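Here's a protein chain to get to know, one piece at a time. Have a look at the picture first, then read on.

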Amino acid sequence: MKSAPGSVSGIRAVAAAIFALCRLHGLALSATLTVTTTHDAGPGSLRQAILDANGASGPHSIVFAIAGAGVQTIAPASPLPVITTAGVTIDGYTQAGANPNTDPSADNAVIRIELDGNAVAGSPGPSTLAGRPTIRGLILHRFPAGASVPGPRPAGTRACLGPPPAGQRAPGH
């Protein structure tokens with residue numbers, strides 16, 4: 001029995017066909033990749049989210065939903081993968097309790113995701129070879145080689161390079 005034009009099953013069939021054609025031809029399919037753990041690797045890790053973003057054309061959003069209160073520290077044991085897909089956004093402000101700055105004359109941002117590069121001395125923090133990703137709402141510290149993200153930073157974004165969130169002085173930025 002055929003589906004009536006405009007029926008729910010007909011619309012689903014058309015949507016499934018379009019999705020299949022896009023995948024077949026490598027067209028951009030955006031995805032939201034959620035980091036749910038501070039572990040260095042495996043399901044729900046930042047490393048896995050970057051690998052998944054690199055595995056398909058973008059744009060992709062990497063968001064955070066790590067259980068627990070306060071600042072969540074991710075300490076990579078080896079350099080993070082280079083971002084090779086254009087249109088990637090890594091948004092630390094999606095973590096519970098985080099908020100971007102709303103005060104034009106001061107800094108009232110609340111950042112809850114910290115990347116600690118102590119174990120990967122000499123390696124850069126998040127790096128890219130494709131386009132310009134948006135990296136915001138993160139604290140990056142102890143990455144002696146910095147972060148390798150070419151070009152100007154988009155207006156309204158913020159990633160802190162410097163001391164850990166508790167205010168202690170970090171040995172390297």
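This is a predicted model: local features need pLDDT of at least 70, side-chain atom pairs count only at pLDDT 80 or more; totals for chains, interfaces and linings use all residues.

Thr-34 sits opposite Val-63, a residue of strand β2. Strand β2 covers residues 60–64, and β1 pairs with β2 in the parallel sense over five bridges. In general, the strands of a sheet pair through backbone hydrogen bonds, and the pairing can be parallel or antiparallel.

Which strands make up the open sheet, and in what order? There are four of them, lined up as β1-β2-β4-β6, with parallel pairing. Because β1 (31–35) and β6 (134–136) stand at the edges with a single partner strand each, one side of each has no neighbour in the sheet. On average, neighbouring strands here are turned by 15° against each other, ignoring direction.

What about the whole chain? You'll find two helices and eight strands in the protein chain. Starting at the N terminus, the elements go α-β-α-β-β-β-β-β-β-β. Here are some overall values:

| Feature of the protein chain | Value |
|---|---|
| Buried residues, out of 173 residues | 35% |
| Contacts between residues 24 or more positions apart, out of those with a separation of 6 or more | 61% |

Next, the inside. The largest nonpolar core has 19 residues, and the members touching the most other members are Val-35, Leu-46, Ile-62, Phe-64, Ile-74, Ile-90 and Leu-138. At least two core residues come from each of β1, α2 (46–54), β2, β4 (88–91), β5 (113–116) and β7 (138–141). Which element gives the largest share? That's α2, with four residues.

Skipping its neighbours within four places in sequence, Phe-64 is in contact with a list of residues including Val-35, Leu-46, Ile-74, Ile-90, Ile-113 and Leu-138. Among the other contacts of Phe-64 are Gly-92, Thr-94 and Gln-95, and Asp-91 is on the list too.

So let's finish with Asp-91, which lies in strand β4. Is Asp-91 buried or exposed? Asp-91 counts as buried because its relative accessibility is 13%, and the cut-off for buried is under 20%. Leaving out residues up to four places away in sequence, Asp-91 touches Ile-62, Val-63, Phe-64 and Arg-136. One of these, Val-63, is the residue that stands opposite Thr-34.

Note on methods. Residues are numbered from 1 along each chain as its sequence is written. Side-chain values use heavy atoms; hydrogens and water are left out. Two strands pair if DSSP finds at least two bridges between them. Axes are lines fitted to C-alpha atoms, for helices over the stretch in contact, and angles run from 0 to 180 degrees between N-to-C directions. A nonpolar core is a set of buried Ala, Val, Leu, Ile, Met, Phe, Trp, Tyr and Cys residues joined through side-chain atoms within 4.5 Å. Buried means under 20% relative accessible area, exposed over 50%, partly exposed in between (1.4 Å probe, protein chains only). Contact means heavy atoms within 4.5 Å.
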